Structure formats: structure tokens, C-alpha cells
Amino acid sequence: LELVRPDFVQVDGKGHAGYASWPTRSGVAAPGFVRDALRVWRDVTAARGVSLYVHYSGVWDGRAVKRPGWAVIRADGTPDERATSFWGPYLEEQMLPQLRELAGTYAVDGVWVDGDCWAVEADYRAEAVAEFRRERAGRDGAVPRSVEDPGWDAFMAFHRDAYRRFLGRYVAAMAASHPRFEVC
């Protein structure tokens, strides 16, 4: 770091599989830790005045979706194996606590949230379907099940709007609790 003098360093924080690369108090830490590598990176970069950013898988979390009520529900009624639901507790009970650990406990400068907008899946959980029916489904209340069904574009736009609200919630929450923490 002293020789290269980078503007910043990025390390992995939580990948799509859902394992955190630090001993998190919220979520699941990768098994087999010998030493807190994130602490090492933060100490080394801070001592040299180099910013530290963390890669963080947002919507996709292969561990979180194993918890009851956290996964997107597919059209066939089964839980998705990767995508968390905007209508479930994932944001409040895991994502925000982990981002606050990164910003507070580790004083990292920010995160690059990966797997968010491109990982959005149609969610058929009761709360999502009820909200869609109230807002967009029209008189018959039909909820499309595939791209061939009428109203599919509206259903997907509804989920993109839900994603934008989800994004806005965590960006605003982090700005309120850790104003210097950057989210990309």
C-alpha cells in the first residue's frame, strides 16, 4: 500500500452465497475463521490513509433465504433459493445491521452493493400480491404468473418500484446513522 498508494482498496464483505467475511453479529460468518481479515484490512488502510470499501451482496443471499419468511416466493409457491423478499425481515434484521457493523465497528468508508437491481425476482408472497392488487391489478385483481399473461409488464414494474423503495430505505438509513458512509 505504501508503494502503490491506491485511492482505495475494496475487499469482499458478503457474497451471493450469504457468508460474511468478518465475524458478523447478524447473518452468517464464513466458517473457518482464523483471524478477522476485515479488521486487518481496516487497520492497515487506516494507518496509511487509504479508503476501504466492501463488496456486499444485497438482494441475493443464499443463507438468508433459508430462514422462514425471508425468501421471494415463486409463482408455484416455493421459496426462491437466492433472492430475499422486499416484504420480509431481511433488510431490518440482517442487511442494515451488517451495514452498520461495517460503518461503525470497522469504520469502512462504504460499500458496493452487488446483486440488487439485476437480482429482483417476481414475488408472490401474500403481502406483495395484496399490495399489487391494491395498486395496479385493475378491477379483476389478476396477478400474472408468466410473461405471456396480461399485466406482466405492470407486475414487473411494481417489483422494480419495490426495489427502488428498498434501495431508498437502506441508503436513507445509512445516511442517518453514518452520514459519511458511502453506498454504491
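1. Basis. The model is predicted: local features need pLDDT of at least 70, side-chain atom pairs count only at pLDDT 80 or more, and totals for chains, interfaces and linings use all residues. Residues are numbered from 1 along each chain as its sequence is written, and side-chain values use heavy atoms, with hydrogens and water left out.

2. Faces of H3. Helix H3 spans residues 126-135. Helices here are DSSP runs (H or I, at least four residues), numbered from the N terminus. Ala128, Val129, Glu131 and Phe132 of H3 are buried (under 20% relative accessible area, 1.4 Å probe, protein chains only). Seen down the H3 axis, the buried residues fall within an arc of 165 degrees, so they line one face of the helix. The arc is taken over directions from the helix axis to the C-beta atoms. Ala126 and Arg134, on the other side of H3, are exposed (over 50%). An α-helix has 3.6 residues a turn, so residues three or four places apart point the same way.

3. H3 on H4. The buried residues of H3 pack against helix H4 (152-177). The two axes lie 11 Å apart, at an angle of about 110 degrees. That makes H3 roughly perpendicular to H4 (65 to 115 degrees). Axes are lines fitted to C-alpha atoms over the stretch in contact, and angles run from 0 to 180 degrees between N-to-C directions. H3 contributes Ala128, Glu131, Phe132 and Glu135 to the contact; H4 contributes Ala154, Phe155, Phe158 and Arg165. Contact means heavy atoms within 4.5 Å. By class there are five nonpolar, no polar and three charged residues. Ala, Val, Leu, Ile, Met, Phe, Trp, Tyr, Cys and Pro count as nonpolar; Asp, Glu, Lys and Arg as charged; the others, Gly among them, as polar.

4. H2 on H4. Helix H2 covers residues 90-105. Its axis comes within 11 Å of that of H4, and the two cross at roughly 40 degrees. On the H2 side, the contact includes Tyr90, Leu91, Met95 and Leu99. On the H4 side, Phe166, Arg169 and Tyr170 are among the residues involved. The contact divides into ten nonpolar, one polar and three charged residues.

5. His159. This residue lies in H4. At 0% relative accessibility, His159 counts as buried. Not counting residues up to four places away in sequence, His159 touches Phe86, Trp87, Val120, Glu121, Ala122 and Asp123.

Conventions
Angles under 35 degrees count as roughly parallel, over 145 as roughly antiparallel, 65 to 115 as roughly perpendicular and the rest as oblique.
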